[in-house]
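Hello,

Here is the structure I promised to pass on. Have a look at it first, and then read my notes below.

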Amino acid sequence: MVKKAELHVHLEGTATPELVRELSGRNGATIDPATFGPDGDFAWGTFLEFLTAYDRAAAVILTKDDYRRVTYDYLRRCAEEEAIYVEMFSSPDHAAAVGMSYTDHLDGIAAGIEEAKADFGIEGRIIVTCVRHLGPERAEAVARQVVAHPHPLVVGFGMGGDEGAFEAADFAPAFTHVHQSGLAITSHAGEFGGPTSIRDTLLHLPVQRLGHGVRVIEDESLLQEIASRKIPLELCPGSNVATGLFDNRSAHPFKNLMEQGCVVTLNSDDPPFFKTSIGREYDAAAQHYGLDEAALTQITRNAIAAAFCDDALKEELSSRL
Ligand code: ADE
Ligand code: ZN
């Protein structure tokens, strides 16, 4: 089986409906029954409804040990699919919403990463994210905590949430503060926002990668710029089809972006919400984009090269391919 590496996955968005129901039962945290459909899976329609369902699921992850569980459970599933490295987005705002401190949240995730490494040999690193629609002040508060509490497993800073909210430039103080402390930067752009959102992000935020960035396909000159600057794209085809950006996997521009020289990676984003996994993303890329084992392994090499971890780990991961 091809070895895999993932750079774009939201930790709260990895918890399966079963785990969310279990945590909810155990913690006594009630969850709106509308979070689940008749089949027991997560239920949502539009992207904004997805974000609400995500918040509801996150609201049952209440303790440090819950975050350890969620992290360990996700990395176990990834290891079963031969993933060797996962960079995952943490969201201190979701932890704060249930009364958890920045450091308890981080310690819980780190414990899950260390346990999964010991049990399965999989390596995990953390990218702390802010939530765009909560606004620049919240983002700056998260940024200050990231800088105040350096952690060996935290390798980057990023931003998710509603891309239509605020302007990229509004977040420049938060991103610059973290970047100056030495951490690498990514941000969602070009998912629900078009090429202008990508241009604004490249102009105002010190990003080394783009979360999604898929809508660069709508602007030929921007595409040439991103390809020539070798800015890696954290592409999430299954997510984009699930949220309605593209009708199906064949209509997704993954192959086109790859052929035009973009540095592409494969990612699951919020796997149970989008009925996907890192393994399914690789399998679907083989099926729909005609990628053979060598091409899929090159995608893993792209992810390792674009990863925010240190060079020693990159070399070790490369030697496992
Ligand atoms: N938060 C969780 N998943 C997300 C996505 N796909 N886009 C933006 N924010 C998110
Ligand atoms: Zn995402």
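**Helix 2 and its buried side**

In helix 2, the buried residues are Phe47, Phe50, Leu51, Ala53, Tyr54, Ala57 and Ala58. They sit on the same side of helix 2, because the arc they cover around the axis is only 160°. The buried residues of helix 2 pack against helix 1 (17-27) and helix 4 (92-97). Please keep in mind that this is a predicted model.

As for its dimensions, helix 2 runs over residues 47-58, 12 residues in total. From first C-alpha to last it reaches 16 Å, close to the 16 Å expected at 1.5 Å a residue.

**The zinc ion**

Which residues coordinate the zinc ion (ligand 2)? They are His8 (NE2), His10 (NE2), His188 (NE2) and Asp269 (OD), at 2.1 to 2.2 Å. His8 is in the loop between strand 1 (4-6) and helix 1, while His188 is in strand 5 (residues 184-189), so this pair ties together parts 180 residues apart in sequence. Both His8 and His188 are buried. The site of the zinc ion (ligand 2) is irregular, with angles of 88 to 172° among its 4 donor atoms.

**Ser187**

Ser187 is also found in strand 5. Ser187 counts as buried because its relative accessibility is 1%, under the 20% cut-off. Beyond its neighbours within four places in sequence, Ser187 is in contact with several residues, including Met159, Phe175, Leu205 and Arg209.

Enjoy exploring!

Terms used. Residues numbered from 1 in each chain as written. Chains lettered and ligands numbered in written order. Predicted model: local features only at pLDDT ≥ 70, side-chain atom pairs only at ≥ 80, totals over all residues. Heavy atoms only, no water. Helix = DSSP H or I, 4+ residues; strand = E, 2+ residues; numbered from the N terminus. Expected span 1.5 Å × (residues − 1). Buried < 20%, exposed > 50% of the residue type's maximum accessible area, 1.4 Å probe, protein only. Arc of directions from axis to C-beta. Contact = heavy atoms within 4.5 Å. Donors = N, O, S within 2.8 Å, 3.2 Å for Na, K, Ca; no water. Tetrahedral: all angles 85-135°; square planar, octahedral: opposite > 155°, others 65-115°.
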